[in-house]
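Subject: Structure for you to look through

Hello,

Please find the structure below.

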Amino acid sequence: MEAYKHLYGPVPSRRLGWSLGIDLVPHKVCTYNCIYCQIGKTTNQTLIRDEYVSVDEVLKEIKNFLKTEKVPIDYLSLGGSGEPTLHSKIGTIIEGIKSMTSIPVAVLTNGALLYQEEVRRDLLKADVLLPSMDAVSPEVFEKMNRPYPNFSVERMIEGLVQMRKVFRGKIWLEILFLKGINDSPEELHRMREVIERIQPDLVHLNTAVRPPSESWAIPLNLREMEQIQTFFGEKAIIIAEFDRQPLPAAEREIREEILRILKRRPLSLIDLSKGMNLSQDKLENQLALLLQEGKIHLRSFEGSVFYEIGKEVQNS
Ligand code: SF4
């Protein structure tokens, strides 16, 4: 598989099956700096939309990938190293993708910019929107998402409500819960009211399953998640673990593929093994070498061990 600058995967996604990730901003440009972010701290926090990466380059890579890599893909997913709606030409990119394939387009967004009409318009041709909404009270929003200064939670909620009115595709709202941060009964009651206003097709309930940006971001356990699911009703689902058949990966690319995948997020040996269709034994050899070379590190979180990319490689 060729090396791509703006594409990664396909990776197994708990919500999208085999998802080919498309990065529209460099690591890590975002409107928020969430305490649970699995791709690290925001280094360029902004509300300014720009052509952060070349539209032509992105579309050329996608075209080339679809032509040459014969792998199953369930979704082309705009997201990755930051907030994709910050890319001022995301609408052109979605249209470009639509003109070359019928594979559905998903947009993973924090929803912050949906209050802008032009952003809502840009996303209209996507098939699925996966916005996040982890808080509805100002103080919880500040604590959890650490938004751009003076960006209000009401603005984010209003954007979601307006988007629902014009968007014909599916909206799967994601709420990530952390212990003692956004799981109080008061916040849950308010969230339920806001969900009624937004009318998403589904509500995906999540918790920190990979090492978060801040070590004090503690996940909920399954019982607590189930209680929230019951409280939110039939649209709410706890995001299930991925259980598809593994995808073949060419052996000679193991190291590069490991590094490419870990650049996006830390993963456990099991996740890597599933995603790359390689036995854990085979992967362990390569991982040991990469550890020795300092290209990756180990990190413990909630009793599991994750591999994460070294700083030098991340910045290379
Ligand atoms: S979790 Fe998403 S919205 Fe939050 S800081 Fe990370 S990339 Fe930005």
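**Around the ligand**

The shell of residues around the ligand is made up of five nonpolar, three polar and one charged. Here Ala, Val, Leu, Ile, Met, Phe, Trp, Tyr, Cys and Pro count as nonpolar, Asp, Glu, Lys and Arg as charged, and the others, Gly among them, as polar. The shell consists of K28, C30, Y32, N33, C34, Y36, C37, T42 and N110, where a residue is near a molecule if one of its heavy atoms lies within 4 Å of it.

The model is predicted, so local features need pLDDT of at least 70 and side-chain atom pairs count only at pLDDT 80 or more, while totals for chains, interfaces and linings use all residues. Residues are numbered from 1 along each chain as its sequence is written, and side-chain values use heavy atoms, with hydrogens and water left out.

**The sheet**

Eight strands form an open sheet with mixed pairing, in the order 1-2-5-6-7-8-9-10. Strands are DSSP runs (E, at least two residues), as are helices (H or I, at least four), numbered from the N terminus; two strands pair if DSSP finds at least two bridges between them. Strand 1 (7-13) and strand 10 (236-238) each have a single partner strand, so one side of each lacks a neighbour in the sheet. Strand 5 (residues 75-79) pairs with strand 6 (residues 105-109) in the parallel sense over three bridges, and L78 has V107 in strand 6 as its bridge partner.

**T85**

T85 lies in the loop between strand 5 and helix 2 (90-98). T85 counts as buried because its relative accessibility is 1%; buried means under 20% relative accessible area, exposed over 50%, partly exposed in between (1.4 Å probe, protein chains only). Beyond its neighbours within four places in sequence, T85 is in contact (heavy atoms within 4.5 Å) with R49, I90, T109, L113, V119 and L123.

Regards
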